[in-house]
Amino acid sequence: MDKVIEITNRAVADYGFRQAVMYGANDIGRRWGLTQAEQAVLEGTALDLLISLPVPVPPADIPMEQARLEAEIRAAG
Amino acid sequence: MGSSDMGLDTLSLAEVSKPCAKMTAPKMLGTPGFGKISLAGKAGAHLGEVMAGRLENKVAIVTGGGSGIGRATCQRFLDEGAKVVIADRNRAGAEATRALLEGGDDTTAVSVVNISDSGQVKQMVDETVSRFGKLDVLVNGAAILIRTPPLAEVEDIDWDLTMDTNLKGLFYCCKYAIPAMIANGAGSIVNISSMSGVRGVAYSVPYAVSKAGVIHLTKIAAGQYTSQGIRINCIAPGGIDTPQMRGSTASAEAFQGREGGHPMGRVGRPEEIANLILWLASDEASYVSGSTYIADGGSWATAE
């Protein structure tokens, strides 16, 4: 799940990239070379988490949010 | 006469001359100075008069119609009599726009499209012509903004994602819309660039480069298609209060700081850009093609 976590880490930190993931998860998965299992997590758990994030994530909260999403994604994977 | 009557000309002289720190936006600006005088030179026409139905019987596609400037444009177009295809990659956003417009099936449609996919763009144009009979106007508003480090550290993925949407996607939209407009005998394309494409910005190398490309594509395409009745123009907005801008600004405090540093004391509103788009899209701009209009509230002009 390292690639999915790399994607979500960037999506937490950058709203523009987050939009690219939320509305183009297929495309992002293809560009990252995700496996079917990773793609399923990206389009499931990861998208659900990203959609619920504030816009934008305050800079001070980014490490905390990244850690929270990583834990949930690893649990889902 | 609708809410669009509330143009700049509704400000009293006292209000205009007031040395205000923050210039407030009217609820809905008319297109100052242009939409107010009939083409026939109607006697008695004055700056408070607005022509309604400026896009009557026109069919328009607005990419990025799911939010921000695109959404405001869809609203203005529908108000002025157009049939509007709300195109966006974000289905929920596009459908929310359609719900806000309160247009029926005969006047609005949603197209969920990834504009970086040529097949999807062709399908969008084909379906528009099939459903509404023609295509008169294309507004290329879809774009993404990914912040990047300085050029030598920009990652390929950020470059590619940005270019694929902001430049290649816009290219595809023009590529497939132009033949439909030629078949229709005329058309107007309005490309949305950015001040970052004019002056460059440090916070996103690919975004600024892509938006500069949009300006250049506009000039080239206008040179090639104006003689066939297709007017192609560009707008370079400054900071506009859109979800994208708020999302790419680090915090509410940073956003307020940006407004405080602006000569008008505020950033622009999507409706203010939509008004310029409307004018360029309409027949009132019949002698305008190949131009780029800066709409930044005087920010660049007053920059040191």
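Now widen the selection to strand β2 (residues 83-88) of chain B and strand β3 (residues 108-112) of chain B, which run parallel and are joined by five bridges.

Before going on, a word about what you're looking at. This is a predicted model, where local features need pLDDT of at least 70 and side-chain atom pairs count only at pLDDT 80 or more, while totals for chains, interfaces and linings use all residues. Residues are numbered from 1 along each chain as its sequence is written, with chains lettered from A and ligands numbered from 1 in the order in which they are written.

Color by pLDDT, the predictor's confidence in each residue from 0 to 100. Chain B averages 85, and 83% of its residues score at least 70. Select residues 1-48 of chain B, though, and pLDDT stays under 50. For the model overall, ipTM is 0.92 and pTM is 0.85.

Next, show both chains. The contact takes 15 residues from chain B and 14 residues from chain A (contact: C-beta atoms, placed from the backbone, within 7 Å). On the chain B side, α5 (156-184) and α8 (243-248) are the elements giving two or more residues, and α8(B) gives the most, with four.

Over on chain A, pick helix α2 (residues 15-22): seven of its eight residues are buried. Buried means 20 or more other C-beta atoms within 10 Å of a residue's own, with C-beta atoms placed from the backbone. Among the buried ones are Tyr15(A), Phe17(A) and Arg18(A). They pack against α1 (2-13), α3 (25-32) and α4 (36-51) of chain A, plus α5 and α8 of chain B.

Last stop: Ile277(B). What does Ile277(B) touch, leaving out residues up to four places away in sequence? Thr73(B), Val139(B), Val190(B) and Ile235(B).

Key. Two residues are in contact if their C-beta atoms, placed from the backbone, lie within 7 Å. Two strands pair if DSSP finds at least two bridges between them. A residue is buried if 20 or more other C-beta atoms lie within 10 Å of its own, exposed if 12 or fewer, and partly exposed in between; C-beta atoms are placed from the backbone.
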